[in-house]
Amino acid sequence: MISVAVLGASGRMGSHVVDAVNGAPDLELVAALDHGDDIAEAARAGAQVAVDFTVPSATEANVHALIDLGIHAVVGTTGWTEESLLRVEEHLRERPELGALIAPNFALGAVLAMRFSAAAARYFESVEIVELHHPDKVDAPSGTATHTAQGIAAARAAAGIGPSPDATTHDPDGARGAVIDGVHVHAVRLRGLVAHEEVLLGNPGEQLTIRTDSFDRVSFMPGVLLGVREVVGRPGLAVGLDRYMAL
Ligand SMILES: NC(=O)C1=CN([C@@H]2O[C@H](COP(=O)(O)OP(=O)(O)OC[C@H]3O[C@@H](n4cnc5c(N)ncnc54)[C@H](OP(=O)(O)O)[C@@H]3O)[C@@H](O)[C@H]2O)C=CC1
Ligand SMILES: O=C(O)C1=N[C@H](C(=O)O)C[C@H](O)C1
C-alpha cells in the first residue's frame, strides 16, 4: 500500500486525483491539502508520495518542502522553467532515496502526441502548435505546448533543420503567437473545452496533423496513478511521463 497526499485537493484536477486514489486498491489517501494548509501535515499523516496540482506560483516551493519532508513528488502543475527544474534536481541530490516526476501532461494520448511530434519534426519544413483550453486556465501557453515545442525544436536542431519559413515582417498585435525555441505556439481559450493540442507539420503539397483531446479530466488519472506507483522506485528527477513508460 502506498500512502498518498494530494496538494490542491479541492481544485479541478486535485478533486479527480482524490477520487482516483480512493478508488485504487493499492493506494491510500492520507492527506488532502489546499491553499493555506501546512504541507508538513502530509508527513505527519505518513504520506510516501504527494501529488501536486496547485498553481505555477506555488508548485516549486511545494516540491522543495516535500523533499525536505522526505516525500516523493508527482507534479502536474505547469509553469516550470529550466532553472526551476535544475534547482529541484540539485535538491534531490541531497536525498538520493527520493524521486520527483514533473509531467506537463498525464493523458496517455498527449504523452504519445508529444513523442510523435518530435519524431515527425525533422521530416517537415514547417511546424506550428495550436493549444486549446478551458477559459479558467491561468497560464499560456500551456505546459504541454511548451514541452511539445521544446521536443520538436531539439529534434530539428539535432537533424540540422533551420527555422520554419515565415515571411512575416509586420505583426504589431502578435498574431503569430508565442515563439518557444523557434516554434510558434497559438493559445485558444474557449468555454466548453478541456485540454486539446494540435501540432501542424507542413511540406510542399502535404500536411500532417497530430491532435490530442482530453474531453474529461478522468483522462489524466491513469497517468497520475502510474506516476504515483513508479516514483517510489525511481530516485532523482524525471520530466515527462514518457520517462516512466516503455516508449
Ligand atoms: N499535468 C497534467 O496532466 C495537467 C496539469 N494541469 C495543471 O495543473 C494545475 C492545476 O490545474 P487545475 O486543477 O485546473 O487548477 P485549479 O485552480 O482548479 O486548482 C488549483 C488548486 O490548488 C489550490 N492551491 C493554490 N495554491 C496552493 C498551495 N500553495 N498549496 C496547496 N493548494 C494550493 C487552489 O486553491 P485556491 O483556489 O483556494 O487558491 C486550488 O484548489 C495547473 O497548473 C494546470 O495547468 C491541469 C490538468 C492536467
Ligand atoms: O490547465 C489545464 O487544464 C491543463 N494544463 C496542462 C498544460 O498546461 O499543459 C495540461 C493540460 O493541457 C490541461
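**Burial and overall form**

I began with burial: 40% of the 247 residues of the protein chain count as buried. I call a residue buried if 20 or more other C-beta atoms lie within 10 Å of its own, exposed if 12 or fewer, and partly exposed in between, with C-beta atoms placed from the backbone. The model is predicted, so I kept local features to pLDDT of at least 70 and side-chain atom pairs to pLDDT 80 or more, while totals for chains, interfaces and linings use all residues. Residues are numbered from 1 along each chain as its sequence is written, chains are lettered from A and ligands numbered from 1 in the order in which they are written.

Next I looked up the dimensions. The C-alpha trace spans about 60 × 40 × 35 Å along its principal axes.

I counted secondary structure as 7 helices and 11 strands. These are DSSP runs numbered from the N terminus: helices are H or I with at least four residues, strands E with at least two. Then I checked contacts (C-beta atoms, placed from the backbone, within 7 Å). Of those with a separation of 6 or more, 72% join residues 24 or more positions apart.

I noted two domains: domain 1 covers 2-102 + 218-244, and domain 2 covers 108-215. The bounds come from an automatic or database domain assignment. Their C-alpha centres lie 27 Å apart. At the interface, 11 residues of domain 1 contact 9 residues of domain 2. The domain 1 side of it has 5 nonpolar, 5 polar and 1 charged residues. For these classes, Ala, Val, Leu, Ile, Met, Phe, Trp, Tyr, Cys and Pro are nonpolar, Asp, Glu, Lys and Arg are charged, and the others, Gly among them, are polar.

In soluble globular proteins, nonpolar side chains tend to be buried together.

Beyond four places in sequence, valine 51 touches Val4, Val6, Leu7, Val17, Val74, Val224 and Val228.

**Ligands**

I took a residue as near a ligand if its C-beta atom, placed from the backbone, lies within 6 Å of it. Ligand 1 has 25 residues around it, the closest being Gly8, Gly11, Met13, Ala58 and Gly76. Helices α1 (12-22) and α3 (56-69) each supply at least two residues of this shell. α1 gives the most, with 3 residues. I sorted the shell into 11 nonpolar, 11 polar and 3 charged residues.

Around ligand 2 I listed Thr78, Pro104, Asn105, His133, Lys137, Ser142, Gly143, Thr144 and Ala195. That shell divides into 2 nonpolar, 6 polar and 1 charged.

**Single residues**

Alanine 9 sits in the loop between β1 (2-7) and α1. Is alanine 9 buried or exposed? Alanine 9 is buried, because 21 other C-beta atoms lie within 10 Å. Outside four places in sequence, alanine 9 touches Gly14, Ser15, Val18, Ala32, Leu33 and Asp34.

Glycine 99 lies in strand β5 (residues 99-102). Glycine 99 is buried too, with 22 other C-beta atoms within 10 Å. Its contacts beyond four places in sequence are His72, Val231, Val232, Arg234, Pro235 and Gly236.

I then looked at backbone geometry. Most residues other than glycine have a negative phi, and most peptide bonds are trans. A cis peptide bond joins alanine 140 and proline 141, with omega about -5 degrees. Proline 141 is in the loop between β6 (126-133) and α6 (143-158). Aspartate 181 has a positive phi, near 50 degrees. I placed aspartate 181 in the loop between β7 (178-180) and β8 (183-189). Aspartate 181 is partly exposed, with 14 other C-beta atoms within 10 Å.

Methods
Contact = placed C-beta atoms within 7 Å.
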